[in-house]
Structure formats: structure tokens, C-alpha cells
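Hi,

Here is the structure I promised to pass on. Have a look first, and my notes follow below.

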Amino acid sequence: MARFSPPLLRRCLCSAAKSASAAGGTNKRNIVFLGSPQVAASVLETLLVASDSPDSAFQVAAVVTQPPAAKNRGRKLMPSAVAQLALDRGFPGDLIFTPERAGEEAFLSGLKELRPELCITAAYGNILPQRFLDIPPYGTVNIHPSLLPLYRGAAPVQRALQDGVEETGVSLAYTVRALDAGPVISCEKFSVDECIKAPELLAILFNIGSKLLLRELPSILDGSAKEKAKPQDDSKATHAPKLNSDESWLSFDQEAKVLHNKVISTKVCASCDKTGDGNEVLFSGSSLLIPCSGSSCLEVMELQLPGKKVTTARDFWNGLRGQKLLKSP
């Protein structure tokens with residue numbers, strides 16, 4: 001895996017321009033994909049598979065992703081999930097770009113030389129300046145895991161689950177300078193199971209979004225999608241800011257339902273009569289029983305101690321070896 005330093009990035013962009021020029025003999029439209037985490041890699045996989053079809057109207061001309069990051073105990077620089085997927089699929093390394101910022105002059109200059117007709121983003125994690133948005137003639141389209149204008153921002157799935165929604169979805173929308181505020185081309189709803197976890201829901205929504213994208217690509221590439229896209233009603237917009245470390249603390253003075261919406265592998269009990277003085281955490285069946293506000297109780301089936309792997313409530317309880325466990329005040 002090559003390390004994408006700025007000088008190498010400039011050389012790669014020049015090489016990419018030549019590659020794009022060489023591909024100019026085909027009738028396929030050039031699109032550029034931008035994404036970073038695993039859910040975005042699944043979208044790229046869908047696009048690459050579709051582009052391999054002989055009758056495909058497009059080809060992935062380049063991939064843009066976050067720079068390699070230090071991971072694991074060795075702090076070794078590792079490519080993003082999108083970059084790794086592209087490399088595993090045999091995508092040319094000189095067509096995988098990792099600018100620190102999407103507004104870098106060398107990057108924008110090289111992107112222009114690629115002459116992309118459309119850019120597609122899915123959890124890219126970088127702000128796109130207007131100079132970027134002005135390059136592709138058919139615009140930049142984003143897969144956003146919410147029913148816009150609801151939950152605009154970096155954590156739409158986590159905030160939706162936190163709010164206890166019964167329905168969410170995914171939107172395909174044009175990217176504008178205002179955050180997640182562009183016209184919506186299409187959307188699809190999804191019913192939320194109260195026990196679903198955020199990573200699972202994210203994967204589901206991006207999978208739906210991938211299919212939505214393929215369905216709408218013909219209209220996007222012939223320009224008709226811009227005519228049918230519906231402006232968002234800003235008065236109905238809600239926001240989904242990135243989660244911060246302070247939000248990881250739970251207060252058991254809250255109702256169990258509120259806490260359930262913030263964590264994984266739990267259930268809500270309407271009453272918690274088995275917990276004696278109201279502060280003791282007990283074990284029943286396969287769950288820890290934690291008393292909460294209003295006589296409600298939170299059943300915890302899995303938990304994760306700092307620096308440890310996820311464990312079942314049963315294994316955790318067995319590890320206490322009979323010690324009493326009290327909830328924190």
C-alpha cells in the first residue's frame with residue numbers, strides 16, 4: 001500500500017488524467033466516488049459491479065477517500081475501508097486519492113483533468129467546497145441515511161435511534177454548500193426495530209441507498225433528475241451532530257426507555273421489583289437488571305468494559321464471583 005504524501009498525490013493526479021484520457025474511447029460516463037468507512041465501501045462495491053456490466057452507462061474513474069490513519073496497538077497507517085476495497089478489487093492505485101482536504105489545489109486541479117460527469121458521496125467525512133461542486137456537470141449526489149430534511153448532519157442514524165423513532169430511511173440528494181440541504185431525488189422508508197443497533201441500521205440503509213442510486217443513475221446522467229428533485233422544507237429540518245464523549249455517560253435517574261435508545265443490546269421493563277433497595281443490580285435469565293427512574297428497569301444483555309471486548313451479561317455476572325453490584329449514583 002503506497003503512502004499518499006502530497007508529492008505522490010500530485011504525481012498520481014497527473015497519471016490519473018492520462019488514464020482517464022486513455023479511457024476516453026469508451027462511451028461510458030466518468031463518475032468519481034467519495035467515501036471512507038465500511039458502509040461506504042459497500043456502496044463502492046455495488047458501483048464497481050454495476051460498472052463491469054457490458055451495457056453499463058458509467059465507469060468509476062477515480063475513488064476519493066480519507067487519508068490512511070494509525071490504527072490498532074501498533075499505530076500502523078492503514079487505508080480506509082473504501083481504499084482497501086478498491087485495492088482488493090484491483091482498482092488502479094493511482095486512481096485512489098486521499099487529500100487531507102477536498103479543497104486542496106492539487107486535488108481540485110487533478111479532478112478537473114479527470115473530467116468527471118458526476119460525483120457520488122457516501123459517508124466521505126470531508127467538507128466539499130464550491131470549487132469542487134462546480135466541476136462535475138451533472139452535480140454531486142449524496143446517499144444520506146435519513147429521510148431528509150430530518151437528521152441533517154454527521155450522525156443521523158445514531159440520533160434517530162436516540163430519539164426512539166419508529167421509522168427512518170435513506171435519501172438520495174444533490175449536494176449543496178449548506179449541510180445536507182440539497183434537493184432530494186428520491187428516498188425510501190425503513191421501519192425501525194426497537195432492538196436494532198446503529199451499525200446494523202447503517203449497513204441496511206446504505207445497502208438500500210446503493211440500490212436507490214443504481215435505479216436513479218440514468219435520470220441523474222441525462223439531467224432529468226434535477227428537474228424532478230424536490231427542494232427540502234428547511235422549516236422541518238432537524239439536526240444530527242456528531243456524538244461527543246460526554247454523551248457516553250448514562251444517568252440511571254432517567255427512564256429506562258431513554259437509556260435503551262442510547263445503548264446496545266438492552267430491553268425495557270415497565271417495573272423492576274426484584275432490585276431490593278433500588279440501587280442493587282441483579283441478574284435474571286440472561287440479563288443484568290438495572291433500576292431506573294419511575295420504577296422502570298433496563299435489561300442489559302451485553303456490555304463492554306473500557307479497553308475490553310463486548311461480553312454477555314451472563315459472562316460478566318459470573319466474573320463478579322458473588323460480589324454485589326450497585327448502580328452508580
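In which loop is Tyr 151 found? Tyr 151 sits in the loop between strand 7 and helix 6 (helices are DSSP runs of H or I with at least four residues, strands are E runs of at least two, and both are numbered from the N terminus).

Before the rest, some housekeeping. This is a predicted model, where local features need pLDDT of at least 70 and side-chain atom pairs count only at pLDDT 80 or more, while totals for chains, interfaces and linings use all residues. Residues are numbered from 1 along each chain as its sequence is written, and side-chain values use heavy atoms, with hydrogens and water left out.

Most residues other than glycine have a negative phi, and most peptide bonds are trans. Tyr 151, however, has a positive phi, near 55°. The loop between strand 7 (140-144) and helix 6 (156-162) also holds Pro 149, and the peptide bond from Leu 148 to Pro 149 is cis, with omega near 15°. Asp 180 has a positive phi too, near 50°, and is in the loop between strand 8 (167-174) and strand 9 (184-191).

Then there is a helix pair. Helix 2 (residues 38-51) and helix 3 (residues 81-88) pack at about 30°, with axes 8 Å apart (axes are lines fitted to C-alpha atoms over the stretch in contact, and angles run from 0 to 180 degrees between N-to-C directions). That makes the two helices roughly parallel, a label for angles under 35 degrees.

Cheers

Terms used:
Parallel < 35°, antiparallel > 145°, perpendicular 65-115°, else oblique.
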